Amino acid sequence: MSTHSTMETPQDQPRFSLSNSTGDDELSRYNWTMISIELFLFFIGIVNLVSATAVEDKSQGLFKTQLAYFGVGLVLTAILIFLFHYSFLSRVAYLIYFLNLLLLVAVFFVGKSSLGAQRWIGFGPVRFQPSEFMKLSMVIGLAKFFETDRTTSGYTLREMALPALLVGVPALLIMAQPDLGTAMILLLVFGSMMLFLKIETRTLLIIAVTVATALPLAYRFALKPYQKQRVISFINPMADPRGSGYNSIQSMIAVGSGQLTGKGWKKGTQSQLNFLPEHHTDFIFSVFSEDWGFLGCAALLIAYLFFLSNGVQIAYQSHDKFGMLLSLGILMIFFWHIVVNMGMVMGLLPIVGVPLPFLSYGGSALITAMLGVGILTNIANKKFMF
Amino acid sequence: MAFLGQEEQIRELQDRFKFLYAAMFLGLGILLGRMVHLQLLQGDRMRMFSEENRIKRVKVAAPRGMIFDRNRRLLIDNRPAFDLEIIPQYLRESKKTEAVIAKLSKIIKMPEKEIQEILDKSKSQASFLPVKIKNDLTRDEVAQVEVWKIDMPGVQIQEEIKRTNLFGDVAAHLLGYIGEVNTVELPRLNKKALKYKLGDSIGKFGLEQQLEDILRGIDGERLVEVDAMGRIKLTRTKNRLVDPTLERASVPGKNLVLTIDQDLQLEAAKAFGDKSGSLVAIDPRSGEILAMISRPSFDPTEFSRGIPPQLWQSLLNNENRPLGDKTIQDHYPPGSTFKIVTAIAGLEEKVIDENTKFNCPGVIWMGNRAYHCHKKNGHGNVNVVDAITLSCDVFFYRVAQKLKSVDDIAKWAFHLGLGKKTGIQLARETAGLIPTEEWKKKRFNQVWNGGESLSVAIGQSFVLTTGLQLANLYASIANGGILYRPFLVKEIESYEGQILQHFKPESIDRHQLSPRTYELIKQGLWGVINRPNGTAAAQRLPGMDFAGKTGTVQVMRIAADKIYQKCQNMKYKDRHHGMFAGFAPVKDPVIAVSVIGEHVCSGSGGAAPIGRAVIKKYLEKYYPDLYGEKVLAARIKAEGKERGLPAKIKQVEEEGVTVNADSTVRTEPVPAPPAPPHPDAVMPQESENSEGDDE
C-alpha cells in the first residue's frame, strides 16, 4: 500500500495515507495512528504543563490533575473504540444534541462562575463545561442532518436555516455565558462545514455582504466593553500596554524571546516570573514557545499537521456520508482551535479564550478532544467491517 | 449502513478534499510564518524585552561615612532600623482588612484610623508597592509583628540602615542631620559631578551638610530578577541568568575624625542643664575646637528619619530656639568680656600704661549723661590689671575718652579677629559687629556720639560677637598672639580606617602687640578668678591656674528705678545674659573657652561655672600628671603657703547691681538696633534688642 500522499496516487487508492492500516489479525488491522499522535501530543502537553505549573501561583502542580483527566479520557476512548459502532451516534445524534443543549441551559441556573463567566456545572467535586462537549454534539447533529440531504448544487439560505438554528441556539447560549471563544469555534466549524458542503454562489455573496455590514454593528451594540477592549488592543496592543494590551504584548514577548532554541524547560522567564497571564490554560503555547523556541514550535506544528492530515485521510476513506461529515467536523474543531489559539498567542488574532488541544490545562477540553480522537479512530477502523 | 446513492455523493465530496488540504496548509502556514517572524526575525528584540521585564536595577545604598571624636569615639553611626510597611494589594486580597488593621493597631500602638488614612493616601500609587506605616519599630514590636505575620497578610517589616546620632541632642548643631534631597535642591546639586536622585539622602545641616562630598558614598547597583508584580525572586538565585559584571558595588563614604572631645561635650551639656546658651572650647595651640555645643538642642536622628510635624512645631515654638545655633549663628553683645580689647587698644595706642590709674567714683558724667560703674560706690584708684580683675567700668570709660575715637577700639578689635567671620567650616556663621564712625554714618546716617564710645569700651552699644569669636579671641591672647582658624575636622579616613588626609593648624593672623601687653591682660584675667576681689573668685579651681573674664548683658532696657532690681525676680525673657571667656592654665594655656548663658542673670554665676567645669574636665583628662588628684592636692598645699591666700575664698560682693548709663538719661534719638545679618538663614533666629550692661 502507498504510504505517502502524492498527486500521482490513483483516485481509487487511499491518498495521503501516512500509516499502514492493513494487517492479518483484527487488532493489528486497527488504525492506531490517531491514538499514537494523540499520545505524543499529550506527552508534549504534560511536559509543558509541568513547566507552566512550576510557577508559584494558583496553577502550581496542576499537571497532576491533568494526568487524572487523561486517565478518564483513555477509559472513555476505549469504550468508544471497542464497544460502539459510530453509526450508533447517527441514531442518537439528536438525543445527544438536545441533552447537551439542556445542560447548557442548566448552566445558567445551577452553574458555577469563575473569572466573571458562568460556564461550569458541578457534580460533587467534579465540574465540567457543557460548552466544550457542545462542539462534538453540534458536529454529530450536523452530520446527522446532512447525512440524508442530497443537495449537490449548493445550499441556499432557506436550506441552511435549520442547521443554522442547530448551531445558532447553542452558540447564543454559550455567548451569553459569556464565552465568546467557544461560540466562535462553533460558528467557524459550522461555516467551514457548509463551505465544504458547498453554498450557492449568490447565497455566499449575500452572507458575505451581511457579515461585512453586521460586524461593525455587532461591535457597536452586541459586544461587552471588555470584548471591545480586546478588539482595540488587538489592533493596537501598545494603546494600553499595562492594561488591555498587556496580555497580548507579554505573550508575544514570550514567544519571540524563545528565539531559535528556546530558554530551556522551566526556564522561560516570562512564564516562570508570572508575566504571562493564564499561562497554564489559554496562553500555554507561549510557555511552550518560550521554553523550546522556534525548533520546538515548528516540531509541534508538524505534529499537529500529522494529526490533522491523518484525520483528513480517515474522513476521505470513510464509506458513508455520516462518517465523513462527522470526522470532518471533528477535524474542523481541532483545526480552528489550533489556528485561533496560536494566532491569538502570537498576536495575529484578538484575545479569545480558546484552549490549545492537548496542551492547555482543562478537563472538559481534554476529554472532549480525546472523545473526538476516539470517534475518529472508530470511523477509521469500522470501514473494514463492511 | 450507507444510504442509496451515497457512493456518488461521497465521490463528489472526495473531490473537494484538495481544497480542504489547501485551507489546512494555509492556516498552519500562516502560523509558521508568524513563528519565523516573532522568533527568528524579531527574536533578539523580544529577548531584550523579556530581559527588561524581569531584570530590575536595584540601588545598593552606599554607607555614609561615620563620624568620630578626637579619640575615635563613635558619634554618628549607620544603624539598622525597622519600619512597618503594608502592601495594599495583599491586604485587600485577604478580604480581612479591618481585622488586620485592628490587630496591627494594637501591636504598634497606632490608632486604626491613622493606619487607614495612610493607606487611603497611598491609593494613587500601584497597589503592589509597599506603603510605610510606621518608622523605627521597637524590638518588641518587631517581634510581635513577626509572630502574628501569618494572620496579617500584606504586613511586612522593612529593615533599613539609618543615620543615628549616638549621643542624641548633645551636638546637633555641630554634627547636623541628613534628609531626602528635595526638588528644589536637585537642579543645583546636579551641576556637581556626583548625581543625586529624588529619595537620595543628603546632609542638610551642620557637618553633615558641609562635608557632604566626603561623607557621601557612591551607590552601587544590583540586578535582581523580579516577577510581574515587581517582587524580587530569591528562590531562583542558583539559576540566575543575570550577568554579574553589569553590577556595581557601592563605595562607602569616608569617615571623619573630629577635633571634638566627646567627654567635654557631655560635661558641657551636663553643666548647662536646662539652661539656654552655648559653649565653645578651643585648643589655643592649634585652633582645634574641643567642644562646641548650643543649648537647648534637638535629636538629629529624628530629623534624619523624617521628623514628625508636631515635633517640628514644638521646636519652632520653643522660646529658647533649639533650632538656632548659638555658637556661630547668633551674636550677642560681649559685655565685659570685651574689656580686654579696650585695654589692649589703650595700651597699644599708648594712652595708658601699666601704671596709669584712674579714679572710679562709681559714676562719671559726659555731657549731661551719667555713665555708671556696676559698683555703686566706685572702685577707687585702679590700674589696668585691677580694672580687668574688678571689671571696673569707669576705668574703661576713661580709656575710651583718652582714645581719639571709637575707631581706635575698632581697629584693635578687628585686629584681634572680631567683627569678621572666623572661617570655620560650618555654614551660617555670623560676622558679629564692631562699630566704627563710618559704619554708623553708613548705617544710620548719623554722626558718632562720643558717649557711645564709652558703651563700646565695655562691650555694649552696637558691639556684637559670637561665642566662637570670643573663644578664639581668648585663645589668641592665651597663646601669645596667634589667631588660628578654628577647625573641627582632624582627619579624613577611609572606610577601612586608613588616614587619607590630616588637617594642620592654620594661622589667620599674628597680633602685633607688645609682650608686656599680654602679661598685663593675663594678670588681670588671672585676678578675676584667683584674687579674692575678682568678679569670679567663686569659680576658682584650686591648683589649676585658670583665668577668664565674666560679663553680664542686659536684655531689656531697664528704667532707672529698676536698675537695682534683683535679676531673678524679673520675667525669664527679661533676665540678663551671662558671658564668660577664659583659658587655662595661665602659663602655656591648653584650652580656651567661651560661654554664653541666655537669661542666666550673671556671667559669674550663670556662665563661668559652665566654663570652669569644662576646663577642669579637660585638664584632668589630658594632664593627669599635672592635675591628677594627688598632684593637685600637693600643689594646693604648697600654693596656699606660698601665696598666703585664705583657705576659703570670700565670695565677692554680689555684682547683680547693673547699671546702664543709656537707661538713665537720653538726650538723643536711639539708633535702631542692627538688622539681623542673615535674612536668608534657613534656621529661625531671633534678633534681640540687646542692651548691654555690666557687672
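## A helix wrapped in its surroundings

Helix α17 of chain B (residues 393–402) is largely enclosed by the rest of the structure, because seven of its 10 residues are buried. Buried here means under 20% relative accessible area, while exposed means over 50% and partly exposed lies in between, with a 1.4 Å probe and protein chains only. The buried residues of α17(B) are B:D393, B:V394, B:F395, B:F396, B:Y397, B:V399 and B:A400. Helices (H or I, at least four residues) and strands (E, at least two) are DSSP runs, numbered from the N terminus.

This is a predicted model, in which local features need pLDDT of at least 70 and side-chain atom pairs count only at pLDDT 80 or more, whereas totals for chains, interfaces and linings use all residues; side-chain values use heavy atoms, with hydrogens and water left out. Residues are numbered from 1 along each chain as its sequence is written, and chains are lettered from A and ligands numbered from 1 in the order in which they are written.

## The two chains at a glance

Chain A contains 14 helices and three strands. Of its 386 residues, 56% count as buried. Chain B has 26 helices and 22 strands, and buried residues make up 54% of its 695 residues.

Accessible areas come from the Shrake-Rupley method with a 1.4 Å probe, and for residues only the protein chains shown count as cover. By this method chain A exposes about 16100 Å², with carbon and sulfur atoms supplying 69% of that surface. For chain B the accessible surface is about 31000 Å², and 54% of it belongs to carbon and sulfur atoms. Contact means heavy atoms within 4.5 Å. Among contacts with a separation of 6 or more, residues 24 or more positions apart account for 73% in chain A and for 74% in chain B.

## A five-stranded sheet in chain B

Let us turn to a sheet. Chain B holds an open sheet of five strands in the order β11-β10-β22-β21-β20, with antiparallel pairing. Two strands pair if DSSP finds at least two bridges between them. At the edges are β11 (289–295) and β20 (547–553) of chain B, each of which pairs on one side only. From one strand to the next, the twist averages 5°. Axes are lines fitted to C-alpha atoms, for helices over the stretch in contact, and angles run from 0 to 180 degrees between N-to-C directions.

Two helices of chain B accompany this sheet. Helix α12 of chain B (residues 262–272) packs on the sheet and touches β10, β11 and β22 of chain B; its direction makes about 30° with that of β11(B). Helix α23 of chain B (residues 603–622) lies across β10, β11, β20, β21 (577–584) and β22 of chain B, running at about 30° to β21(B).

## Looking along the strands

Within the sheet, β10 (residues 276–282) and β22 (residues 591–598) of chain B are antiparallel partners over seven bridges. Here B:G277 stands opposite B:G597 in β22(B). Seven bridges also join β20(B) to β21(B), again antiparallel, and B:T552 has B:G578 in β21(B) as its bridge partner.

## A hairpin in chain B

Strands β13 (residues 363–366) and β14 (residues 369–372) of chain B pair in the antiparallel sense over four bridges. B:I364 has B:Y371 in β14(B) as its bridge partner. The two strands form a hairpin with two residues between them, and B:G367 in the turn has a positive phi of about 60°.

## A buried leucine in chain A

A:L308 sits in helix α12 of chain A (residues 284–317). This leucine is buried, with a relative accessible area of 1%. Leaving aside neighbours within four places in sequence, A:L308 is in contact with A:L331, A:F334, A:F335, A:I338, B:M24 and B:L28. The C-alpha atoms of A:L308 and A:L331 are 6.5 Å apart, although 23 residues separate them along the chain.
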